[in-house]
Amino acid sequence: MKFPGTRLLARLVLALLAVGALVAAVTGCSALDNASKSDTAKAKVGDCINVTDSSSTATKSEPVDCSSAKAVYRVFQTADKKLDCAAEYTTYTEDLVSGGKAYMCLAPNFKQGSCYADVGTNPYKYVDCSSSEATFKVVKRIDGQADELLCGADATSFVTVPDPKVTFCLGAAKG
């Protein structure tokens, strides 16, 4: 015995099953890609990063709370394709286990009174101010403005970031 609408109901059920399989396939693939990323590569815009090793061969980092003195960088931009970060930002690239790459632009997130190692072409690294690695100290941090003229006489150099606007006034690490 056939009822009116049985074919329509069967087609609807098959369509729902197909959509469910497609969603599962897409979600599963995305979860697999995300599983191949380090905690740093999973970071989102606004999250903060601590560089634990900034050697010339490999950079190691970890996500940290943005209020920590070790939160050297704040994630400004992320992508699955190569990014051209502006000069004010540090480019971070990670090779994923899946064979792809994760890309980020990182903005400095220095803390006033903290010291860092500036190792040239490698990322900044948080260090104790008494450490021989310390190359500068943040003598003043000015949020909401990117203007080096706001730095006082105790600053020997500066770093400004346009977005989010911030000025870091830098001085000698020891003194």
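Cys-115 is buried, at a relative accessible area of 1%, where buried stands for under 20% relative accessible area, exposed for over 50% and partly exposed for the range in between (1.4 Å probe, protein chains only). The structure is a predicted model, in which local features need pLDDT of at least 70, side-chain atom pairs count only at pLDDT 80 or more, and totals for chains, interfaces and linings use all residues. Residues are numbered from 1 along each chain as its sequence is written, and side-chain values use heavy atoms, with hydrogens and water left out.

The partner of Cys-115 is Cys-129, and the sulfur atoms of this disulfide are 2.0 Å apart; a disulfide is taken as a pair of cysteine sulfur atoms within 2.5 Å. This pair links distant parts of the chain, 14 residues apart: Cys-115 belongs to strand 6 (residues 115-117), and Cys-129 to the loop between strand 7 (125-127) and strand 8 (136-143). Strands (E, at least two residues) and helices (H or I, at least four) are DSSP runs numbered from the N terminus. The link of Cys-115 and Cys-129 is right-handed, with 100 degrees about the S-S bond. Cys-129 counts as partly exposed because its relative accessibility is 23%.

The protein has 4 disulfides by the distance rule. When the bonded cysteines are numbered in sequence order, the pairing reads 1-2, 3-4, 5-6, 7-8. One of the disulfides joins Cys-48 to Cys-66, with 2.1 Å between the sulfur atoms. Here too the pair links distant parts of the chain: Cys-48 lies in strand 1 (residues 48-54), and Cys-66, 18 residues apart from it, in the loop between strand 2 (59-64) and strand 3 (73-79). The S-S bond of Cys-48 and Cys-66 has 105 degrees about it and is right-handed. Cys-48 has a relative accessible area of 1% and is therefore buried.

A further disulfide is formed by Cys-151 and Cys-169, whose sulfur atoms are 2.0 Å apart. The torsion about the S-S bond of Cys-151 and Cys-169 is about -85 degrees, so this disulfide is left-handed. Distant parts of the chain are again linked, 18 residues apart, with Cys-151 in the loop between strand 8 and strand 9 (157-162) and Cys-169 in strand 10 (residues 165-171). Both Cys-151 and Cys-169 are buried.

Asn-109 is located in the loop between strand 5 (101-108) and strand 6. With a relative accessibility of 2%, Asn-109 is buried. Beyond neighbours within four places in sequence, Asn-109 is in contact with Cys-48, Cys-66, Ala-71, Val-72, Tyr-73, Arg-74, Arg-141 and Phe-168, contact being heavy atoms within 4.5 Å. A polar atom of the Asn-109 side chain lies 3.0 Å from the backbone oxygen of Ala-71. Asn-109 and Phe-168 are 59 residues apart along the chain, and their C-alpha atoms are separated by 8.9 Å.

For the protein as a whole, the secondary structure amounts to 1 helix and 10 strands, in the sequence order α-β-β-β-β-β-β-β-β-β-β. Buried residues make up 32% of the 175 residues. Of the contacts between residues at least 6 apart in sequence, 48% join residues at least 24 apart.

Conventions: A polar contact is a pair of N or O atoms within 3.5 Å; within protein, one must be able to donate a hydrogen and the other to accept it, and residues adjacent in sequence count only if both atoms are side-chain atoms.
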